[in-house]
Amino acid sequence: MDPIVTFCLRMGDTTLILGQQTAAWCGHAPVLEEDIAFANMGLDLIGQTQLWYEIAAEAEGKGRTPDDLAFFRTERQFLNAQLVERPNTDFAHALMRQYLFDAWHLPMQEALCDSSHEAIRDLAQKSVKEVRYHIDRSRDLIVRLGDGSDESRAKMQGALDALWPYAGDLMATDEVEETLAGQGVLPGLDRVRRAFDAETAATLSRATLTIPENGHARTGGRTGIHTETMGYILAEMQSVPRTFPDARW
Amino acid sequence: MYAQLVETGAAETSEKDREFQEKIDRGVRIEANDWMPEGYRKTLIRQISQHAHSEIVGQLPEGNWITRAPSLQRKAILLAKVQDEAGHGLYLYCAAETLGISRDEMTEQLLSGKAKYSSIFNYPTLTWADMGAVGWLVDGAAIMNQVPLQRCSYGPYSRAMIRVCKEESFHQRQGFDVMRQLCEGTEEQKAMAQDALNRWWWPSLMMFGPSDKDSVHSEQSMRWGIKQNTNDELRQKFVDQTVPQAEWLGLTVPDPELKWNEETGCYDFGEPDWSEFFEVIKGNGPCNKDRLAARNKAWDDGAWYRDGLTAHADKQNQQIAAE
């Protein structure tokens, strides 16, 4: 596969699956303001997905649409990072998953603002404003709930312990990223990891949370190896178009 | 209609009450700090909070399909719509708070089952076509009710409704567009659209509340300028607007008594099953228990989050005090 296609699917699949998981909170969050905020982030993520899939579909040149990519690929063909498919166990997990994603997503989008690939550069310049707002919000909540009550600290620490091992999958690279880095499509990739480490070290310390010592052990999403939750996410998301494959909606 | 069977307080006969009524009759808006009769205040609190609760519970039947929307665009539109409902709930809770009740009190009334919300949200959304039918019919009926409420005598409610109405008309159009796409689609899609209309038609007519002759609270609410039209007037308007749209879509309204009346220039139509309506209001609709359970679960599961934020704010305040 053209490395551009693979890379755009890695990005678009990650924003789609997180958007899907985020949107599921609408009507079920702890306060009305969070219903609204989660819907808002979900909307941004789904919008970004459409842009990534448009670039992927065009580069691929097989006449597939963004909807074909979202609804007619199988679990092994999805290339999202494993972090975003981790379940909506509780609101602490949802917030921590969002924060760890944002801590990677912002430096990634900032780097892509200087991409040599015009469509990717345009996408990043549009998305980076949304992403900046997302991390302001999620960083603030991580600090307030980490340094909150005993119970809220325990909840946030539990979520961090569960999710930290998956954060590395966001930054996993292989020959696809290396090729694109060499072409200037992915400039400053080395800075993304450093920015993630600096952001999380500072914020989690302010939140009085402890970074687990087991490191970022879990990877594989970028090559289509997922966790057991992924199949259910796709089964739900794809159920209507797959039941009526000839229909337009 | 998002507020049904709102119990109305009685008017008093003091000098102040008479002056208040004159103000209403002159079309002067009542603001939060103005004197108002207790009955007026209580009626508004009941109506606005019921309306707000309807928006909040109303997230659930549509939220049921966000994760299963069949295209990325439909997913985004539906999510934006449900987000708007939550936003409407927020404006309305704020409007009610100007009358001296807190959001926590209103939430408590909803969760305990003491406060009502619109009967319509106790029906299940069973297929994707329900996202079309709900937008087209339920939001269509809501607009019928809410457009006149923009002229409600109470300023904060009136202004909230002006914002809400702008968004509701977009919701109704997107619902109709979902239906249009289905009706232009495969046989299975058309059948899905017809099935959704069959299930949502009568509950939508019930949204306007019982017939005028059985509506005990309307009269005083109308004198106070809280309500502008009777239930039957609004229901007739809704039928007259919606039937031609159904015909345009090629769908059949499930009412054998529906007939154009040359004389009145309106449609004649059958009577909804009011025993079903009162059962739903009493808590025996298909989804009453699920809806309240979902709201209670969200609230209970989120207690640690709200307590955590309060604890953090307390620490900050202590720190500021110590400095």
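A salt bridge here is a side-chain nitrogen of Lys or Arg within 4 Å of a carboxyl oxygen of Asp or Glu. This is a predicted model, so local features need pLDDT of at least 70 and side-chain atom pairs count only at pLDDT 80 or more, while totals for chains, interfaces and linings use all residues. Residues are numbered from 1 along each chain as its sequence is written, chains are lettered from A and ligands numbered from 1 in the order in which they are written, and side-chain values use heavy atoms, with hydrogens and water left out.

**Stop 1: the interface.** Select chain A and chain B. How many salt bridges does the rule find across their interface? It finds two. Zoom in on Asp147(A) and Lys315(B), whose side chains meet in a salt bridge at 2.8 Å, N to O. Next, pick Arg103(B) and Glu33(A): their closest N and O atoms are 2.7 Å apart in a salt bridge. That pair runs between chains, from helix H5 (residues 103-111) of chain B to helix H2 of chain A; helices are DSSP runs of H or I, at least four residues, numbered from the N terminus. Glu33(A) is partly exposed at 38% relative accessible area (buried is under 20%, exposed over 50%, partly exposed in between, with a 1.4 Å probe and protein chains only).

Now show everything in contact (heavy atoms within 4.5 Å): 52 residues from chain A and 46 from chain B. The buried area is about 4100 Å², with 68% of it from carbon and sulfur atoms; this is the accessible area (1.4 Å probe) that two parts lose on being put together, summed over both.

**Stop 2: rings.** Select Trp25(A), Phe38(A), Phe91(A), Trp304(B) and Tyr305(B), which ring pairs link into a cluster. Rings of Phe, Tyr and Trp (its six-membered ring) pair if their centres lie within 6.5 Å; planes under 30 degrees apart are stacked, over 60 edge-to-face, the rest tilted.

**Stop 3: inside chain B.** Select Glu62(B) and Lys81(B), a salt bridge with the closest N and O atoms 2.4 Å apart. Glu62(B) sits in helix H3 (residues 59-63) and Lys81(B) in helix H4 (residues 72-97) of chain B, so the pair ties together parts that are 19 residues apart in sequence. Buried or exposed? Glu62(B) is buried at 3% relative accessibility, and Lys81(B) is buried at 0%.

Terms used: Helix = DSSP H or I, 4+ residues; strand = E, 2+ residues; numbered from the N terminus.
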